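Biologist: I am new to this one. Please walk me through the terms and tell me what stands behind each of them.

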Amino acid sequence: MKNIFNLYKLLLSLVFFILCSNKNLYPQSDKAIIHINSNDIVYELSQQWYFKMDDNIEYKNINIDHHNWSFFYPHLPWEQFPGYKGYRGNSWYRLIIYVSKNITDLGLFVPRHYRGAQFYFNGVLIHQTRKFSNSGKSPPIIGKPDLIKIPTNLINRKNILAMRTGFLNQAGGFDGKIYIGPQNLIHKKWIKFIIWNIFLASINIFLGFYFFIYYRNRKEDRYYLYYSGLALSLGSWFLGYNGLILWVFDHQWVYIISTYIGSMFIPVMLINFIHSFFNYKKGLTARSFEAFYSFLIVSLLIEYILRGNIYYFSKYLYEPFMLSILLACTYSVYICYKGTKEKKPYARRIFAGTGIVGISAIVSILTFIDIIKFNPPILEGFFAMTIIFATVLAARFSSVHTELEIAHKELLEMDRMKDDFIASTSHELKTPLLGIGGIAESLIDNAKSRLGRETISDLSLIVSSARRLSNLVNDLLDLSRIKHKDLELQRGEVDIKQITDMVISLTSALARDKPVEFYNKIDENTPTLYCDENRLLQIMHNLIDNALKFTERGEISVYAQRMNDFVKITVEDTGIGVPADKIEKIFNFFEQADSSITRKYGGTGIGLSITKQLIELHGGKIHAESTEGKGSKFIFTMPLFTGQYDESASLKAAPEEIDPEKAQKILRAYFKHAETENLHAPRIIYEKKESDLSENRNKTSVLVIDDEPINLRVLSSQLTFAGYNVKTAAGGREALELLETSRIPDIILLDIMMPGMSGYELCSRLRERYTMHELPIIMITAKNQTADLVAGFETGANDYLGKPFEKRELLARVNNIIALKKTIKKYEKSRYKNLRERANPHFLFNAIHTIHALMRSNVKKADEAMVMLADIYRFQMDTSFQDLVPFDVEWEFVNIYLKFEKILFPETINFEMNKTGGLSSIMIPPLIIQPLVENSLKHGLRNKEDGGYIHVNAACTGNSVKISVEDNGTGLHNENPYARTLGNIKNMLRFHFNGSDVTIENRAGGGVIVTLTFEIDEK
C-alpha cells in the first residue's frame, strides 16, 4: 500500500506540472476586440470573434458595420453555432484590433488549421494558406505552421483582422490558437514551436528505430517490437498533427496516413507493449480494441480511395475514435496497475507512464470540447510516456546484460570444473577398467577347460564392454586435452599406406558378420606424412570404424592423392549416407546424424569431433560428402614429410612389408585391445526356453526387452539368481510375437531406445490390451530427464529406472511392483469377502428372532420390519462395490436402520434426523453415518436401563458439509477411539475430500457427539 501511495503522489505531481505548464500566460481578446499596447507581449486571439456564414460578402466590405454579425469561437465546429443548418460554404471571422502608436510592426502565428484560409488586414489580403475555393471545398488537409507578416503601411490605430475559411466536413475554423504581436516575438515563438515539435517527433522516431534493432537481435522479446511501433507511430503523428511533414511531402494522402492512421496505431501498440512486457495473455478487451482500430483504418482508407475525402469518417467515426483512445489509455493504466499489485519488474514506472498519458488525454479532450482553457498536452503526455518506457527498456536490457555476464562467468567456471572433473574421473576410471578386462581375460585363459561355454561367453562380454568403455575414456581425455590446448603431437615420418593396412586388418575382424569388403587403394608411391603416428592411427580407426558402423553391406575404400604440400586422404563407404541438413553438424561435439530414440546406430557423438580436432592440430582440414542411401566420403588432408623432424619424437614405420606382430603390438599399445580373435564378443542372447519356465510355474515370470545383448545378459543373470523366471526379447516386435505365443509374464522390464519401435510405442500398444495391474511395466533407460519420465508415465509405465542402476535397486523395484500387484488381487478378493461379511449373522439372527416374535403379536409390524430388513441388506449389497453414493441414499438407509432398531428395542430408542442445505446433489462414501448410529446404539443406549435418544444432523454451507450424531448414552471410554470404526471412516473421508476431520466430544451429562466435517468440490 505504501508503494501505491507513493505512486499516486508521483502522478499527482505530474498532473500539477502539466496543468502549470499549460497555464495561459498571454493576454487574450475579448468579445471580438483586442488592444495591443506593448512591444514586449504576444497576444492570444482565442476568444470570441465576429462570425458570419455568407459567401456573398466581399473582402472590400468587411470593414462595414458588423451589427448583424454573431459572436463565435474560431476553433469550434460550425455545428455548435446556433444558426447552423447544414451550411457548407465559406464563412468569415472578424476581429477589431486597437494598436498603440509606438507599435510599428505586427505578425501573426497560426500553429495549425484544418482548411485553406485567407487572411485580410484592413481589407487587404496578406496571406493565403493554400489553394482556396470559393465554394468551400478545398481539401481537408492541415496547413503548415504559418508565420504571417503584416505590412507596416496597413497598421492603423483601429484595425480589422478578417479570416475567410470553409467548413471541414461538419467542422470549420481553426484548431488551436492564433497569436499576434511584434514581429520579432512572433518569429521567436514560431521558431520555438518548430524546434519543439521536431524534437518530439525526432526523439520518438530515433527510439523507434533504435529499439527495432534490439528486436532484430532478440526476437523472443516482442515488447521491443511493440515499443518500436509505438514510438514510430507517435513520431509520425507528431509530424502530421502539426503539419510539419507537409514541408517535405505536401500531399493529402501523406497527411491522412501520418495523422489519422498513425494515431490509430498508437493505442494498439501501447496495449500490445504492456501485455508483452508483463507477459500477460491478451484477452477479449485487448482484441476488441485491435478489431475496432482495424475497422477504423479500413473504413478510412476505403472512403478516401473511393471519394477522395474522409467526410463520413469525420462525421460518424471521429468522435468514437477519440473516445476509444481515452478508453485504451484507461485500460492500459488498469493493466499496469495490475502489474504493480503483482510486483512485476518495472511495473511502477510503466504505470507512471500510462498514467501521464491518461491524464493528458483527459485534459486534451476537455480542451478540445472547450470545457477548460488550456493548450492540449496530449503530445507532451505521449512524449513523457515514451521516454519513461525507453528508460525502462534500457534498464531492463542493462539488467539482462549484467545477468548474462554473470551467468557467462559462472558457465565458464562450471565448464572448467566439468573439464577438470572429466579429466580426473577419466584417469581414475582407466585403472579399474584395465583390471576388469585383465581379470576377465585371465579367467578365460586359465580356466577354459573348467568353464562352460556360457560362462566363457559372459566373460567375453565383460572384456568387450571394458574395452569399449576404455576407448570412451580415452576419447574423453582427448576431448579435455584438446579443449585446454595441451595435447602434444609427436610428429615424425609416417607411411599412410602401412597405417591404413594395420587399421583395416583390425577392423575387418570386427566385420566378420557383415558382408563388407575393405580396399586399401593407396598407391605405393604416395609420399610419407609428417604427423603423429599414434594420432593418425586414431584418426584412421575412427573414420574406418565409423564407415563400418553405417555400412550393412558393400565396400569401404581408402584413397590418397598428393596436393601441393599436403596429401588428401579419402575414406569412402557404400553405407546409409548422411542427410544433407546434418552434413555440417556431424563434426560437432556430441552430435549424431540420428539422435532419435529409435535410432539404429549407437555411439557418443565425439569420435568425429576428436578426429576433426586432431586433423586441424596437424594443419589439415576435413569435410564430408554424402548422398543419403548411397554412401559417404570423408576427405581430409595431412602435411607432407619434408625431411626435417625430430627423430627422438617420432615413431617411424618400417618401409618394408608390414610385420603382423609389430602391427598388433602397436594397436594394443594404443587401443588397449586384445588379440583379434577375442575382439568380437559373440552376440549371445540368454533366454530361458518355455520348457525351462514350465519347470516351476509358481515362480514370478519377467520379460526383459532390450536391443543390447549385454543389457539382456546382465538383467537376465541378476533376475534369474534372484529366483525369477526370465524371458528376453531383442526389440518391440519380437516382444509382441512372444506375448502372442506364450503366457503373459508377471512384469515387463522395457528399454526406451530401441530400433524400429521405441519403448514408448510398445508400452502404448501393450496398454491397449492390458491394464497397469494386469501387466506392470518398468522402463529402464539412460534417458532419465524429467520430460522422459513424464513421457514414460503418460504411455502407461508403472515405474522408471535410470541407467546405470544397482542390482539392489532393480530387485527392490521389481519386488515392489509384484507386491503391489498381489495386493490388488488380494483387495479384489477382500471385496467379495466384505460382501459376505456384511450379512452380519449375529444381527440377522436377532432381527429374524424379533420378527418371528412379532408375527404372533403384531403381524403388520412384523411385515414392516421384514421390508426394512430387506431394504437394509439390499443397500449393503448395492453399495458393496461403490466408492460413492448420493447423500440421500445414505440418509434414507440410516432412517430405515433406526426405524428397524426402534422396532427391535421400542422402549430404549428414540431418534430424530434433520438435514439442511443442498445435500441432495453431493456424493459421499457409503456407510459413514450408519456405523456412527450403530456405535451409539451398541455402546451408549443399550447399556442404559431407561434408554435414550439419538439426534442425527446434517448441514451443507457453501462447499462445507457437517454431519453429527449425538446421543445421551454412557459416553465413549475407549483410550483410542479411532482404532476401528471411526478410524476407517476418518481414512475414507481423507481419501475422498479435502479439509476432512472426525471429532469426538464426551458430553458432561453423559453421552457423546461424533462430528464429521469435509469440503466438497464446487464443481
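**Terms and the values behind them**

Modeller: Let us start with a loop. Asn564 sits in the loop between β16 (554-563) and β17 (566-573). Keep in mind that this is a predicted model.

Biologist: What makes Asn564 count as exposed?

Modeller: Its relative accessibility is 67%. Exposed means over 50%. Asn564 therefore counts as exposed.

Biologist: What is the phi of Asn564?

Modeller: It is near 55°, a positive value in a residue other than glycine. Lys343 also has a positive phi, about 60°, although it is not a glycine.

Biologist: Where is Lys343, and why is it called exposed?

Modeller: Lys343 is in the loop between α6 and α7 (347-368). Its relative accessibility is 72%, and the cut-off is over 50%, so Lys343 is exposed.

Biologist: How do you know whether Ser701 is buried or exposed?

Modeller: Ser701 has 6% relative accessibility. Buried means under 20%. So Ser701 counts as buried. It lies in strand β20 (residues 701-705). Leaving out residues up to four places away in sequence, Ser701 touches Asn725, Arg743, Ile744, Pro745, Asp746 and Ile747.

Biologist: And why is Pro755 called partly exposed?

Modeller: Pro755 comes to 31%. Pro755 lies in the loop between β22 (747-751) and α18 (759-767). Pro755 and Ala730 are 25 residues apart in sequence, and 9.7 Å apart in space, C-alpha to C-alpha.

Biologist: Now the helices. At what angle do α5 and α6 pack?

Modeller: Helix α5 (residues 284-307) and helix α6 (residues 311-341) pack at about 155°, with axes 11 Å apart.

Biologist: What makes α5 roughly antiparallel to α6?

Modeller: Angles over 145 degrees count as roughly antiparallel. The angle here is about 155°, so α5 is roughly antiparallel to α6. The crossing of α5 past α6 is left-handed.

Biologist: Which residues make that contact?

Modeller: From α5, they include Phe289, Phe292 and Leu296. From α6, they include Leu317, Phe321 and Tyr331. The contact residues divide into 17 nonpolar, three polar and two charged.

Biologist: How many helices and strands does the protein chain have?

Modeller: There are 25 helices and 31 strands. Buried residues make up 48% of the 1019 residues in the chain.

Note on methods:
Residues numbered from 1 in each chain as written. Predicted model: local features only at pLDDT ≥ 70, side-chain atom pairs only at ≥ 80, totals over all residues. Heavy atoms only, no water. Axes fitted to C-alpha atoms, helices over the stretch in contact; angles between N-to-C directions. Helix = DSSP H or I, 4+ residues; strand = E, 2+ residues; numbered from the N terminus. Parallel < 35°, antiparallel > 145°, perpendicular 65-115°, else oblique. Left-handed = near helix turned anticlockwise from the far one by under 90°. Contact = heavy atoms within 4.5 Å. Nonpolar A, V, L, I, M, F, W, Y, C, P; charged D, E, K, R; others polar. Buried < 20%, exposed > 50% of the residue type's maximum accessible area, 1.4 Å probe, protein only.
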